[in-house]
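I opened the model to look up a helix cap, a helix pair and some backbone angles. My notes follow.

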Amino acid sequence: MEPSRFRREVADWLAANLTGAFARLRGLGGPGREHEEFDLRLAWERHLAAAGWTCVGWPVDHGGRGFSLDEQVAFHEEYAASGAPARVNHIGEQLLGPTLIAFGTREQQERFLPGIAAVRELWCQGYSEPGAGSDLAAVSTSAVLRDGEWVLNGQKIWTSLAHVADWCFVVARTEPGSQRHHGLSYLLVPLHQDGVTIRPIQQLTGTSEFNEVFFDDARTPAGHIVGEPGEGWKIAMATLGFERGVSTLGQQIGFRRELDDITAEAKRLGTYDDPLLRADLTRARIGLRVLRAHALRTLGQPAGPEVAVGKLLWAQWHRGLGELAVRARGARSLVSDGAELDEWQRLFLFTRADTIYGGSDEIERNIIAERVLGLPREARP
């Protein structure tokens, strides 16, 4: 379909359907705001699924729409531009789904992909641990094959949306005595069982988007391993590559809206008259264009260490935007009514985490230095 016509089709459908009860979802959700109207956002996402607007980049024979990269970009950008709410099924659709399509067995694809596409089952990502944050190779959660089931023991932390998820894809150590990235496996684990305990963690923003998850003899069938035992590192890295894919272009539309709102607020309050603030707002707008150019340049490339550059760029940019929001509002940013943070305070506080979650800046720089630029490996104990 001709690009502009396709964009109009997406925009028209969104305008026609973000009505009634769904109209109040505009602008809701997203990092630090996942608690906002969750049940209604889930209903909206199932409405999207019924109309065929989920999993748009998946192949048709796996339940997707088979959209081209250009069409996927158009969809995500129009979705963001419409003010439609943040998706509740991002982890299943954008991370696990493509992973199963690339590495899963036919049985796994038939079991799990329809539930993701229809938004019947929600997923979370079991990677980080208290002693293994950005250093995924240091995970110690173990899994042992016993009587046709994997039996898991250990703890995951900072597990986004685990409290509303039905399943978790877990990186666990399945080879006793193995070290680093050797001996890890990628398991699909049901969360609604006696061996799983989920405890929400309160964040600076006062909300609890992420959780700690405990596995105490939790079980999952032997067939719920993606790839072979010991291939968990390879598959986990591929999942991270899918995480930083085409949907980031829609994310940047949200960034632009935040920047526009901050600029408008600065003009309303008179802080825009400060030449230093005005210059930094202009610099932020230029930086946003750089983010888009980089995303388009790397779109469709095989997952590799180059994706670390994109994460490093947008995390630093967005954290800087939170700081600009505080500067634009001046002393007002220090005042709260004691009940709930305003949108600017929440933006500032939550973006402090941008350079940590999904791969800390320090780890990303090491990846770029060693795997992209070929510099000597950093000394490690």
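**Helix cap**

I started with Asp-342, which caps the N-terminal end of α10: one of its side-chain oxygens lies 3.0 Å from the backbone nitrogen of Trp-344. This is a predicted model, where local features need pLDDT of at least 70, side-chain atom pairs count only at pLDDT 80 or more, and totals for chains, interfaces and linings use all residues. Residues are numbered from 1 along each chain as its sequence is written, and side-chain values use heavy atoms, with hydrogens and water left out.

Next I listed the buried residues (under 20% relative accessible area) of α10, residues 343–350. They are Trp-344, Gln-345, Arg-346, Leu-347 and Phe-350.

**Helix pair**

I looked up α4 (residues 90–103) and α5 (residues 106–117). They pack at an angle of about 160°, with axes 10 Å apart. That makes α4 roughly antiparallel to α5 (the term covers angles over 145 degrees). From α4, the contact (heavy atoms within 4.5 Å) takes in Gly-92, Glu-93, Leu-96, Gly-97, Leu-100 and Ile-101. From α5 come Gln-108, Gln-109, Phe-112, Leu-113 and Ile-116. By class, I noted six nonpolar, four polar and one charged residues; Gly counts as polar here.

**Positive phi**

Which phi does Glu-37 have? The angle is positive, about 45°, although Glu-37 is not a glycine. I placed Glu-37 in the loop between α1 (3–17) and α2 (38–50). At 32% relative accessibility, Glu-37 is partly exposed (between the buried limit and exposed, over 50%).

Trp-158, also not a glycine, has a positive phi of about 60°. I found Trp-158 in strand β3, residues 149–160. Trp-158 is partly exposed, at 44% relative accessible area.

Notes. Axes are lines fitted to C-alpha atoms, for helices over the stretch in contact, and angles run from 0 to 180 degrees between N-to-C directions. Helices (H or I, at least four residues) and strands (E, at least two) are DSSP runs, numbered from the N terminus. Angles under 35 degrees count as roughly parallel, over 145 as roughly antiparallel, 65 to 115 as roughly perpendicular and the rest as oblique. Buried means under 20% relative accessible area, exposed over 50%, partly exposed in between (1.4 Å probe, protein chains only). A polar contact is a pair of N or O atoms within 3.5 Å; within protein, one must be able to donate a hydrogen and the other to accept it, and residues adjacent in sequence count only if both atoms are side-chain atoms.
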